[in-house]
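Keep the model open as you read.

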Amino acid sequence: MSFVTTMRQTMTQYSSKLMILVLALAVLASPVAFAQITGEIRGVVLDPSGAAIPNAKITLTSKETGATRQVTSDEEGRFALPLLPIGEYEVKAEAPAFRIAVTPAIVRSGEISTVRFALEVGQVTESVVVTDAVSALDTENAQVQYSIEGEKIQEFPVGRNPNLFATIAPGVIPVTEANPFLGSGSYNSNGSRGRANNITVDNVTSTDISVTGTGGPLSPLNFSQIKEVKLITNNFTAEYGRNSGS
């Protein structure tokens with residue numbers, strides 16, 4: 001009887017300590033779960049002659065959530081909207097004595113979308129939708145990068161293997177099947193070794209650093225929740241330069 005009681009007390013204490021440990025791990029892990037990669041929108045507001053329009057009001061609206069942010073242009077007509085979650089946005093520029101200009105913009109992870117507004121003289125109650133105000137290329141950094149976003153992710157025949165997205169990019173091929181030491185995700189990017197790739201999910205390293213290839217939370221993934229897949233193969237900015245390949 002005494003032995004059973006002691007065992008029960010021991011198990012109760014063990015269970016309590018285990019619960020505390022699990023809760024502690026959950027609290028420590030929560031910032032990682034909500035980590036996300038962001039992008040940026042930069043731009044300039046000009047009048048019909050090309051002169052800068054200072055103090056123009058810039059309103060950014062997320063098409064997904066409806067959330068808005070506002071900034072004003074500086075003395076040279078420039079503005080910046082950093083740390084934006086990836087997705088589709090609407091950017092609006094307003095200034096006294098000019099028509100309102102509105103343009104769509106897409107924010108991709110680690111990229112800077114550039115907007116150039118050329119406001120037309122007119123009533124502030126009038127608005128113009130501009131379709132070519134946003135540059136199709138990231139002209140702010142020299143990264144060699146390739147992105148797949150939105151519904152296209154669901155359309156590619158990768159058999160629910162996210163590693164295969166990398167092989168769609170130019171200059172990337174799978175590692176040879178004759179090499180048994182390289183795991184899943186060990187592709188060759190522009191001639192680099194299969195071990196030279198750094199794979200992340202929501203900014204969390206998912207590379208098997210002890211062997212090679214993928215590990216961690218990369219598999220399994222819910223493909224319906226993937227918003228963007230990006231491959232950077234050269235001229236990495238500081239936050240992406242862990243490995244030398246891609």
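This is a predicted model: local features need pLDDT of at least 70, side-chain atom pairs count only at pLDDT 80 or more; totals for chains, interfaces and linings use all residues.

Residues are numbered from 1 along each chain as its sequence is written, and side-chain values use heavy atoms, leaving out hydrogens and water.

Let's begin with the cores. A nonpolar core is a set of buried Ala, Val, Leu, Ile, Met, Phe, Trp, Tyr and Cys residues joined through side-chain atoms within 4.5 Å. The largest one has 22 residues, and I41, V45, F79, F117 and L119 touch the most other members. Strands (DSSP runs of E, at least two residues, numbered from the N terminus) that each supply at least two residues of this core include β1 (38-46) and β4 (78-85). Another core, of six residues, lies apart from it, with I148, V158, F165 and I226 among them.

F165 also forms an edge-to-face aromatic pair with F156, at 6.4 Å centre to centre and 85° between the planes. Ring centres of a pair lie within 6.5 Å; planes under 30 degrees apart are stacked, over 60 edge-to-face, and the rest tilted.

Accessibility compares as follows (buried is under 20% relative accessible area, exposed over 50%, partly exposed in between; 1.4 Å probe, protein chains only).

| Residue | Relative accessible area | Class |
|---|---|---|
| F156 | 30% | partly exposed |
| F165 | 2% | buried |
| S189 | 2% | buried |

Finally, S189 sits in strand β11 (residues 188-189). Beyond its neighbours within four places in sequence, S189 has contacts (heavy atoms within 4.5 Å) that include N197 and T233.

Key: Helices (H or I, at least four residues) and strands (E, at least two) are DSSP runs, numbered from the N terminus. Rings of Phe, Tyr and Trp (its six-membered ring) pair if their centres lie within 6.5 Å; planes under 30 degrees apart count as stacked, over 60 as edge-to-face and the rest as tilted.
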